[in-house]
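Subject: Structure for you to look at

Hello,

Here is the structure I promised to pass on. Please open it and keep it beside this email as you read.

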Amino acid sequence: MKTYTHILFDLDHTLWDFEKNSEETLYTLFDQYELAAFNKFDNTSFYKKYKFVNNLLWDQYNKGKINQQELREQRFVKTLTGLGLEAHQVPEGLSEAYTDLCPTKTAVFPYTHEVLAYLQPKYGLHIITNGFKEVQAIKMTASNLHGYFKEVVTSECCGYKKPDKRMFDHALERINVKPEECLMIGDNLECDIDGARAAGIDQVFFNPEKSKAKLSPKPTYEIHCLSQLQDIL
C-alpha cells in the first residue's frame, strides 16, 4: 500500500452534508416568504424542484457555461417558474436569504469529526472545492471543520475548477507535495475522481448512496461511510 502524507477532501457532499443543510434552509424560507400562499406547491415540492435545478446549474458552472452571479440569479427563478409562478412573482431577496442562511447550517456526514481527528495527527489535511471562498469559510466555521485543515483551495481563488487538472496542480504547488504522496476523497466521479486521476493523485470515491454507476476506470478506493477511511489510512 502506498504511503500518503497529505489528504485532499472535497467539502460539499463529502464532509458537509449539503442536501440536509439545504433542505432545512429551504423549508425555513418556504415559511418565511409565505410561498404556500400561491397554492401551487408545498415545501417538499419546492425542495425537490430546487435540488433538481441547482444540480443542473452547478453542472453548468463546473463546465464554465455560467458564472457565479448567473448561478445565484437563476436558481430560484427557474425553480419557482418551474413550479408555476411567473418570474415577477419570485420574492425579492430569496436567493440572498438562502446564501446567507444555508452556510450557517452544521450538519456533516456521520463520523466526519471522528475520522478527521483520527487523520489529523498523521497527515496534512486540505480542502479542494469548487464552492465559493466566502461561503465555504462560513460552512467550515459553523460546523467546526476549519481547525482540521491547513490549506483550503477554492476554484474562485485559483482560477480553475475541478476536474481541471490545473486546479489540482495548483493545490499540490501550494502544499509543496508530489502527486503520489496525496490522496483525494470526494463524491463526484467527474470533478473529484477523474480530476485527481488526471493529476496523478490516487482517489477515494465517497458513495454513501451506494449508487451503481459504472466506474470506468475504477477509482483507487471506494467507500460508503467515512469511517471506512480508517481501513485505508
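**The largest cavity**

The largest cavity has a lining of 16 residues, and Phe18, Trp58, Arg75, Val135 and Lys139 lie nearest its centre. Two or more lining residues come from each of helix H2 (43-62), helix H3 (68-82), helix H4 (94-101) and helix H6 (133-142). The volume of this cavity is about 170 Å³. Its lining holds 8 nonpolar, 4 polar and 4 charged residues. Bear in mind that this is a predicted model.

**The second cavity**

The count comes to 2 cavities of 30 Å³ or more. The second largest cavity has about 30 Å³ of space. Phe18, Glu19, Ser22, Tyr47, Tyr50, Lys51, Asn54 and Asn55 line it. Helix H1 (18-32) and H2 each give two or more residues to this lining. H2 gives the most, with 5 residues. By class, the lining splits into 3 nonpolar, 3 polar and 2 charged residues. Find Phe18 on your screen: it is in the lining of the largest cavity and also in that of the second largest cavity.

**The pockets**

Now turn to the pockets. The largest pocket has a volume of about 920 Å³. Its lining has 34 residues, with Asp12, His13, Glu19, Asp187 and Asn188 nearest the centre. At least two lining residues come from each of H1, H2, helix H9 (189-198) and strand E5 (202-206). H2 supplies the largest share, 6 residues. The classes here are 11 nonpolar, 11 polar and 12 charged.

The second largest pocket holds about 160 Å³ of space. Among its lining residues are Arg72, Glu73, Phe76, Val90, Pro91 and Thr99. H3 and H4 each give two or more residues to that lining. It divides into 5 nonpolar, 3 polar and 4 charged residues.

**The nonpolar cores**

In soluble globular proteins, nonpolar side chains tend to be buried together. Which residues have the most contacts inside the largest nonpolar core? They are Ile7, Phe9, Phe46, Leu80, Leu125, Phe149 and Leu229, in a core of 45 residues. H1 gives the largest share of this core, 4 residues. Take Ile7 as an example. Beyond its neighbours within four places in sequence, Ile7 is in contact with Tyr123, Gly124, Leu125, His126, Leu183, Ile185 and Leu233. Another core lies apart from the largest one. This other core has 15 residues, including Leu8, Phe168, Ala196 and Ile201.

Best wishes

Definitions and conventions. Residues are numbered from 1 along each chain as its sequence is written. This is a predicted model: local features need pLDDT of at least 70, side-chain atom pairs count only at pLDDT 80 or more; totals for chains, interfaces and linings use all residues. Side-chain values use heavy atoms; hydrogens and water are left out. On a 1 Å grid over the protein atoms alone, a cavity is a set of points where a 1.4 Å probe fits but cannot get out, and a pocket is an open set with protein on both sides within 12 Å along at least five of seven lines; lining residues have an atom within 4 Å of a point. Grid points are joined across faces, edges and corners, and a volume is the space filled by probe spheres set on the points. Ala, Val, Leu, Ile, Met, Phe, Trp, Tyr, Cys and Pro count as nonpolar, Asp, Glu, Lys and Arg as charged, and the others, Gly among them, as polar. A nonpolar core is a set of buried Ala, Val, Leu, Ile, Met, Phe, Trp, Tyr and Cys residues joined through side-chain atoms within 4.5 Å. Buried means under 20% relative accessible area, exposed over 50%, partly exposed in between (1.4 Å probe, protein chains only). Contact means heavy atoms within 4.5 Å.
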